[in-house]
Amino acid sequence: MNDSKFELPAELIEAAKDAYTKAYAPYSKFHVGAAALTKSGNIVKGCNVENASYGLTVCAERNCISNAVINGEQEFTVIVIYTEIDEVTPPCGACRQVISEFFASDAPVIAVNHKNKQKVWTVSELLPDAFTPKQLSEN
Ligand code: THU
């Protein structure tokens, strides 16, 4: 997509910001909040949760999606990633794969920061030719 402002519900940014305040990141000290809008109109949140066994850390985006799934939501229209660094934070590779599972390939993924800097990508821009449930269903 591009770096221009995407019309985002203010509550979605507020939700991502609130999730950011819940981050458990004593090792990296890099706090991340995420919020997604479900097709049914609900907002779901997630933050990064680190672990003393570092590799078990789970990112904000994946916790956001898991939190939604456990609450009965599996379809989303947009996800916001909130951090407080000068540059916005793009999702890591693992999160791109999990986002591709649950979002349409043209759904927006929006990174924002505390200065309201925004960057918008589509899901397929972040992970072209993703491996999705579609491949398994054609088996
Ligand atoms: N992190 C996220 O939560 N989301 C991202 O998109 C990038 C990285 C977290 C994982 C870890 O807790 C910290 O940021 C530093 O990598």
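A residue is taken to be near a molecule when one of its heavy atoms lies within 4 Å of that molecule. This is a predicted model, in which local features need pLDDT of at least 70 and side-chain atom pairs count only at pLDDT 80 or more, while totals for chains, interfaces and linings use all residues. Residues are numbered from 1 along each chain as its sequence is written, and side-chain values use heavy atoms, with hydrogens and water left out.

The residues around the ligand are Ser-28, Phe-30, Val-32, Asn-48, Glu-50, Thr-57, Cys-59, Ala-60, Glu-61, Pro-90, Pro-91 and Cys-92. By class, this shell holds seven nonpolar, three polar and two charged residues, where Ala, Val, Leu, Ile, Met, Phe, Trp, Tyr, Cys and Pro count as nonpolar, Asp, Glu, Lys and Arg as charged, and the others, Gly among them, as polar.

| Residue | Part of residue | Distance to ligand oxygen |
|---|---|---|
| Asn-48 | side chain | 2.9 Å |
| Glu-50 | side chain | 2.5 Å |
| Ala-60 | backbone | 2.9 Å |

Taken alone, the ligand exposes 370 Å², of which the protein buries 80%, with accessible areas computed by the Shrake-Rupley method and a 1.4 Å probe.

Turning to the cysteines, a search of the whole structure finds zero disulfides, a disulfide being a pair of cysteine sulfur atoms within 2.5 Å. The sulfur of Cys-47 lies 10 Å from the closest cysteine sulfur, that of Cys-64, which is too far for a bond. Cys-95 is likewise in no disulfide, and the nearest cysteine sulfur, in Cys-92, is 3.7 Å away. Cys-47 counts as buried at 13% relative accessibility, and Cys-95 is buried with a relative accessible area of 0%, buried meaning under 20% relative accessible area (1.4 Å probe, protein chains only).

Technical notes: Buried < 20%, exposed > 50% of the residue type's maximum accessible area, 1.4 Å probe, protein only. Polar contact = N/O pair within 3.5 Å; in protein donor to acceptor, adjacent residues only side chain to side chain.
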